[in-house]
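Please take a moment to look over the sequence and the structure shown here before reading on. The paragraphs below are meant to be read with both in view.

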Amino acid sequence: MAKRSKSAQGALRAKPQSKRGWIDPFRGDEIRRLVKEFGSPLLIVDCQRVREQYRKLHKALPGVDLHYALKPLPHPAVVETIAELGGWLDLATTGEVQLIERSGMDPARCIHTHPIKRDIDIRNALAAGVRVFVADNPDEVRKFVPYRDELEILLRVSFRSPGAVCDLSRKFGCDPEDAIELARLARQLGIEVRGVSFHVGSQAADAAKHVEAIDACKSIIAAARREKLGRFDTLDIGGGFPISYGRRVADIARFCAPIRAALAKLPARIRVIAEPGRYIAGPAAIGVASVMGRARREGHWWYYLDDGLYGSYSGQLFDHARYPVEALRQGKEKLPSVLAGPTCDSIDVIAENLLLPELKAGDLVVGRAMGAYTWASASEFNFFPKATVVSVNRSPGDRGTVMAVD
Ligand SMILES: *Cc1c(COP(=O)(O)O)cnc(C)c1O
C-alpha cells in the first residue's frame, strides 16, 4: 500500500494546468477549491479525461463503434460527453433509459443489453426509441413476439473466463452450441437477429478471451447466414478493457492488438461494436473525502472519513478493486495509519497500514481511478449521504457543475 500511495501522489502533481479554459480538477489546489464550493464527500468527474479515454480506445479499436456502458457511472455528464464525441451507449435498465431520455441522446445510438427483462422494461425502452435488444434463452426471445416489428436482437453467447476479476459469462449468455438453435427460434417467431454479443468479464487480464470469443462468434455468424437465420451483420465484443489501479496494466493499444488481428479476419460487411464501461469512466474520476475525526488506537492513527465502504469505496467490496489513496496534506514524516469510513460498522475500513503524514479533522483524502463501480454502487447506510458528483470541463471554462441525477 505504501508504495502505491507514493506513486499516486506523483501522478497527482505531474499533470500540468491545461490550456484554453480546460482545468485539471485532479490537482490539489483545484480539489480544495471544489470541496470549498461543493462540500464533501465529492466524486469529481473530469469530462476531459472521459474524452481522452474514449479517444484512446477508439484509436486502439479503429472502426469499432463504442457504446459506453452506463452501469459503472450512470451520470448525465458522461452521457453528454459521449454524445458530443459521436459515441454510442449501452443501457440495461429502465432507470438508464430514463437517464438517456433526460440527456436528449439519440435513442438510435443506444442498445439495450440486459439479457433478462420484464415486459415493462422492453416497453419503456421501445417508447424511448431504443430498437436493439439482447436475449440469451428461448423464454427471453419469446418476450419480443408482441414487438417483433419494432425491434431487432443480438444473441448473447457465453465464454467462461474463470480468470477474470468479474466473470460475466456465468450469469448470462447461452452456450455457443445453442446459439444456432436460438436463432432458429427467433426466425420462426419472426424476430430479426442482427448478430451476436458477448462479455468476457470486467478488468480482463489479457485479450485471449476476447480473441477466442471473436473466433467462435465468426463461426456462429457464418453458420447462421448459411441457414439464412437473419441478417447477422453485427458483432458486439462487449467490455472488459482494463485500467490501472496503481499497478501497471498493458497500455490499451497493446492490449487491443490481438483483438484487432482477430477482427481483421471477419468478413468486411460485419459491423463491430463494443461496450466499454470501466475503461471510459474509471480513470476519469477521483473520490475526495474529509477527515471527520481521528483516534489513536494500539499505537496507530485511525482517521474517520465522510466516505467509505458503504459509499464510493463500495467498489472495494463489490468490484474487488483497491483504489490508490493519499492525503492532500504533504509531510516528511509518514506513519502507518488506518483510513476508516464514517459508518458504525466494523467492516467499514478503507485501508490499513497506509503511510500517511499526521492528519487533522478537515484534511482531504483522495482516491484515484474511482470513476467506475464506485458511486454507482454506493448506499446511504447509516444515513451518510452518497458523495456529490461534480463534473468539470463539460465545456471550456466549466469549473464545476452539479447536475441532477434523478
Ligand atoms: C457491465 C457491462 C459492461 C461494461 O463492462 P466493463 O468491464 O466495465 O467495460 C458492458 N456490457 C454489459 C452487458 C455489461 O453488463
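Predicted model: local features only at pLDDT ≥ 70, side-chain atom pairs only at ≥ 80, totals over all residues.

Residues are numbered from 1 along each chain as its sequence is written, and side-chain values use heavy atoms, with hydrogens and water left out.

A search of the whole structure gives 24 salt bridges, a salt bridge being a side-chain nitrogen of Lys or Arg within 4 Å of a carboxyl oxygen of Asp or Glu. In one of these, the side chains of E80 and R394 meet with N and O 2.9 Å apart. Because E80 belongs to helix α4 (residues 76-84) and R394 to the segment after β16 (388-392), this pair ties together parts that are 314 residues apart in sequence. Helices (H or I, at least four residues) and strands (E, at least two) are DSSP runs, numbered from the N terminus. E80 is partly exposed at 33% relative accessible area, and R394 is also partly exposed, at 23%; here buried means under 20% relative accessible area, exposed over 50%, and partly exposed in between, with a 1.4 Å probe and protein chains only.

Another salt bridge joins R118 and D121, whose closest N and O atoms are 2.9 Å apart. R118 is exposed, with a relative accessible area of 58%, whereas D121 is buried at 9%. A further salt bridge brings together the side chains of R294 and E358, at 3.0 Å from N to O. That pair links distant parts of the chain, since R294 is in strand β10 (residues 285-297) and E358 in the loop between β14 (349-356) and β15 (364-367), 64 residues apart. R294 is partly exposed, with a relative accessible area of 35%, and E358 counts as partly exposed at 38%.

Which residues are the closest to the ligand? They are K71, S202, E275, R278 and Y373, among the 14 residues that surround the ligand, where a residue is near a molecule if one of its heavy atoms lies within 4 Å of it. By class, this shell has 3 nonpolar, 6 polar and 5 charged residues; Ala, Val, Leu, Ile, Met, Phe, Trp, Tyr, Cys and Pro count as nonpolar, Asp, Glu, Lys and Arg as charged, and the others, Gly among them, as polar. A nitrogen atom of the ligand is 2.5 Å from an N or O atom in the side chain of E275, and for the side chain of D90 the corresponding distance from a ligand nitrogen atom is 3.2 Å. With G277, a backbone N or O atom lies 2.9 Å from an oxygen atom of the ligand. Taken alone, the ligand exposes 390 Å², and the protein buries 93% of that.

Turning to the interior, V288 lies in strand β10 and is buried, with a relative accessible area of 1%. V288 and E326 are 38 residues apart in sequence and 10.0 Å apart in space, from C-alpha to C-alpha. On the surface, F318 lies in helix α12 (residues 315-318) and is exposed, with a relative accessible area of 56%.

Key:
Polar contact = N/O pair within 3.5 Å; in protein donor to acceptor, adjacent residues only side chain to side chain. Areas by Shrake-Rupley, 256 points an atom, 1.4 Å probe, with all protein chains shown as cover.
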